[in-house]
Amino acid sequence: MAILGSHNPLAATFGIFGNIISCMVYLAPARTFWKIYKKKSTQSFQCLPYLVALFSSSLWLYYASFNIRHAFLLVSINSFGCVIEIIYIVIFIKYADKHAKKLTIKLLGAMNFGSLALIVLVTRFAIDESYQVKVLGWICDVVSVIVFAAPLSVVLPNVGGLALGLLQMLLHAIYRNRGAKENVTTDGAVTTFVVVVNPLGSPEVFSTAVKDELSLENNNNNNKGGEDDAQGKTVEANDCPL
């Protein structure tokens, strides 16, 4: 959030401006938590961004401990950030439902205690002293980027759901009229075409030609009966005296 310290006046000036902006960033969610306090409910808000912000502030304070004499700006802003984020998290836990409360406590323990302790142990005892500050600085930078990406945890699932929903609508529009059966009647046979829709590939068409023998027999009987009637009528007409 701010530089460790520098004898360069320009760097110090930018450090002060950076701390002012960081302070505004920390205070930005205050309105959200005021709503939570008034409604006595966390509603649809998520606590992950504030847990990550607390984790980031804690890491920067640990980073500042390597050169504490020249880290006033870094210590001041991140100490303020830790206090603000702890207040946010306490309010969230107080008014969250049972499931959200348990999840927040688990994440708090895993991230801000377990992960932080692991980083401290690794950087202190597993990394050469000449590289400790550099490695820890990279870790702090990565976590700082994650702080700004954490609010997207609410948006990303909705984007995926939107994409899948559009895909389903597209498949429905393409194949909505291809699942019906089409019957084609010919002389003495009925050919049935069955279209099987496969959403992951091209549709397959199966044709079955079924000969309607019963219909043909009935037609033959009707034709034969008609011929017999005609012959009978002719005979009767010949036998009639004039």
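α3 passes α6 in a left-handed crossing (near helix turned anticlockwise from the far one by less than a right angle; clockwise is right-handed). The model is predicted: local features need pLDDT of at least 70, side-chain atom pairs need 80 or more, and totals for chains, interfaces and linings use all residues. Residues count from 1 along each chain as its sequence is written, and side-chain values use heavy atoms, without hydrogens and water.

**Exercise 1.** Describe how α3 and α6 pack.

*Step 1.* Find the helices (DSSP runs of H or I, at least four residues). α3 covers residues 48-64 and α6 covers residues 129-149.

*Step 2.* Take the axes (lines fitted to C-alpha atoms over the stretch in contact, angles from 0 to 180 degrees between N-to-C directions). They lie 9 Å apart, at an angle of about 160°. α3 is therefore roughly antiparallel to α6 (over 145 degrees; under 35 is roughly parallel).

*Step 3.* List the contact (heavy atoms within 4.5 Å). α3 brings Val52, Ala53, Phe55, Ser56, Leu59, Trp60, Tyr62 and Tyr63. From α6 come residues including Val133, Leu136, Gly137, Cys140 and Asp141.

*Step 4.* Sort the α3 and α6 contact by class. There are 14 nonpolar, three polar and one charged residues (Asp, Glu, Lys and Arg are charged; Ala, Val, Leu, Ile, Met, Phe, Trp, Tyr, Cys and Pro nonpolar; the others, Gly among them, polar).

**Exercise 2.** Work out how α5 and α6 cross.

*Step 1.* α5 spans residues 98-126. Its axis comes within 9 Å of that of α6, and the two cross at roughly 155°. That angle makes α5 roughly antiparallel to α6.

*Step 2.* The α5 and α6 crossing is right-handed.

*Step 3.* Ile119, Thr123 and Arg124 of α5 touch Gln132, Leu136 and Ile139 of α6. This contact of α5 with α6 holds three nonpolar, two polar and one charged residues.

**Exercise 3.** Are α1 and α4 roughly parallel or roughly antiparallel?

*Step 1.* α1 covers residues 9-27, and α4 covers residues 72-95. Their axes are 10 Å apart, with an angle of about 0°.

*Step 2.* The two helices are therefore roughly parallel.

*Step 3.* Among the contact residues are Gly15 and Asn19 of α1, and Gly81 and Glu85 of α4. The contact of α1 with α4 has ten nonpolar, six polar and one charged residues.

**Exercise 4.** Find the "transmembrane region" spans in the record.

*Step 1.* UniProt, in an unreviewed entry, places them at residues 6-27, 47-65, 71-93, 105-127 and 147-171.

*Step 2.* Residues 47-65 are 89% helix, with end C-alpha atoms 28 Å apart. Residues 105-127 are 96% helix, and their ends lie 31 Å apart.

Definitions and conventions:
UniProt positions are given in the numbering used here, feature names are shortened, and annotations may be inferred rather than shown by experiment. Angles under 35 degrees count as roughly parallel, over 145 as roughly antiparallel, 65 to 115 as roughly perpendicular and the rest as oblique. pLDDT is the predictor's confidence in each residue, from 0 to 100.
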